[in-house]
Amino acid sequence: MFESTIAGSLPKPFWLSETNKLWPQWKLSGDELALAKRDATLFWLKVQEDAGIDVVTDGEQSRQHFVHGFLEFVEGIDFEHKVKMGIRNNRYDAMVPKVVDRLRLKGRAHGEARLARAHTDRKLKFTLPGPMTIIDTIADDFYGDRVKMAMAFADLLNEEARALEADGVDVIQFDEPAFNAFTREAADWGIEALHRAIDGLSCTTAVHICYGYGIKANLDWKRSLGEEWREYEAFFPALARSRIQQVSLECVNSRVPPHLMALLEGKDVLVGVIDVATDVVETPEQVAEVIDRALQYVPKDKLFPCTNCGLAPMDREIAIRKLDALGKGAALARARHA
Ligand code: ZN
C-alpha cells in the first residue's frame, strides 16, 4: 500500500553538468562524461533507496533534457540547424531541432537502464517522452502532418520500450505535459498514440501529465489558468478507458480540483504530494495529509504517492530532503491506514 515513486528526473550534480537548469551543458566529454553520468546515476539510486522510495528511477542523469535525450538517438532529425518554436501551445519559446527525413532509431536510445537495473533491487521505472510532447518540442520539415509524425515517433518509442522491458524495467512511463496544453487533441489522438507506444508490452505502463517544471514560464502560465485548473477533465475519462495502467498527476499546491482524480476509476493514480515549484520542503505529516485527502477519490490500493513533476532544475540538497519527506510521509500514511 502507498508505494512511493517520483515523476522521474532529479538534479544533476555540479560535477556532471550546469546546475539548476532545464537544458544544462555537460561539464565533461567523451569517456569522462560517460563515467560521470554513471556515477550520478548510482548516487541517486542510493539516495532514493535511503529515502525509502519504492519505485526508483535513474534520475534521468544520462540525458540533457527529457525530450531531446531520446531524440538524439533518432535518425531523420537535423540537430545542426535548430529553429525557434513556441512550445506547449506557445507558452514559451525553445530552440528545437527539425524532422527532415523518415524517422528511424539509430540503435538503443537508453542503454543506461541496464546500469540502473544492475544496481538496485527496488522496482525500476524508466521514463520516455510521450509522442504528443515530442512533436510539440520539434519542428517538422518532412511529414507535413502533426498526427502522422506523432504516430511515427510512437513506433520508435515502442521499439525502445520493448528493449527497456527486456532490460528488466518494471514500469515504463511516458511524459505527456503537452496533454494539458492540447486537451482536446489528447483525447482525440494522444491516447491512441500512447497505445501504439505500449503495444506488446507486459510491464506496467504509466503516463505523467503535469503543469510543468517550476520554471518562470510555467508559473506565469499557471497564474493565467484561473481559480480551478480543469484541464484533466477533458481527457481523464478517455484515459480511464485506455490500456495505460497508471496516471501520474499534480495534486499538492495545485488548483486541480481533487475530485477530478475520481475520473480515473480503475487506474493506479500517482498522486503528486511533493511540490517541485517551491524550495519549501514538505513535512512527512503534510505528505500524509495530502494522501488522506486523495483517499476520498482514489482507493488505497490504487494510490501511489509521487512528486508533482520532475526535480531536475531544483537545488540538489532540497531535492534530497523532498525525497526524504516523500518516503517518510508514505510510511506514515501506511501506518495510519494499515
Ligand atoms: Zn512533469
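Two strands count as paired here if DSSP finds at least two bridges between them. Keep that in mind, and remember that this is a predicted model.

Now the β10 end. Two pairs to find on your screen: Leu-270 stands opposite Phe-304, and Ile-274 has Thr-307 as its bridge partner. On to β8, residues 246-249. This strand runs parallel to β9, with 4 bridges joining the two. Here Gln-246 stands opposite Asp-268.

Is β9 mostly covered or open? Mostly covered: 7 of its 7 residues are buried.

Now helix α10, residues 316-337. How far apart should its ends be? It has 22 residues, and at 1.5 Å a residue they should span 32 Å. The end C-alpha atoms are 32 Å apart, so the two agree.

Which residues of α10 are buried? They are Ala-319, Lys-322, Leu-323, Leu-326, Gly-327, Gly-329, Ala-330 and Ala-333. These cover an arc of only 165° around the axis, which means that they lie on the same side of α10. Why does the spacing work like that? An α-helix has 3.6 residues a turn, so residues three or four places apart point the same way. The face turned away from the buried side carries exposed residues: Glu-317, Ala-335 and Arg-336. And what covers the buried residues? The cover includes α1, β9, α9 and β10.

Last, the core. The largest nonpolar core has 98 residues. The members touching the most others are Val-247, Val-269, Val-271, Val-273 and Ile-291. Helix α5 gives the most to this core, with 8 residues.

Take Ile-291. Leave aside its neighbours within four places in sequence. What is Ile-291 in contact with? Phe-2, Val-271, Val-273, Leu-303, Pro-305 and Ala-333. Ala-333 is one of the buried residues of α10. As a general point, nonpolar side chains tend to be buried together in soluble globular proteins.

Terms used: Residues are numbered from 1 along each chain as its sequence is written. This is a predicted model: local features need pLDDT of at least 70, side-chain atom pairs count only at pLDDT 80 or more; totals for chains, interfaces and linings use all residues. The expected span of a helix is 1.5 Å times one less than its number of residues. A residue is buried if 20 or more other C-beta atoms lie within 10 Å of its own, exposed if 12 or fewer, and partly exposed in between; C-beta atoms are placed from the backbone. The arc is that of the directions from the helix axis to the C-beta atoms. Two residues are in contact if their C-beta atoms, placed from the backbone, lie within 7 Å. A nonpolar core is a set of buried Ala, Val, Leu, Ile, Met, Phe, Trp, Tyr and Cys residues joined through C-beta atoms within 7 Å.
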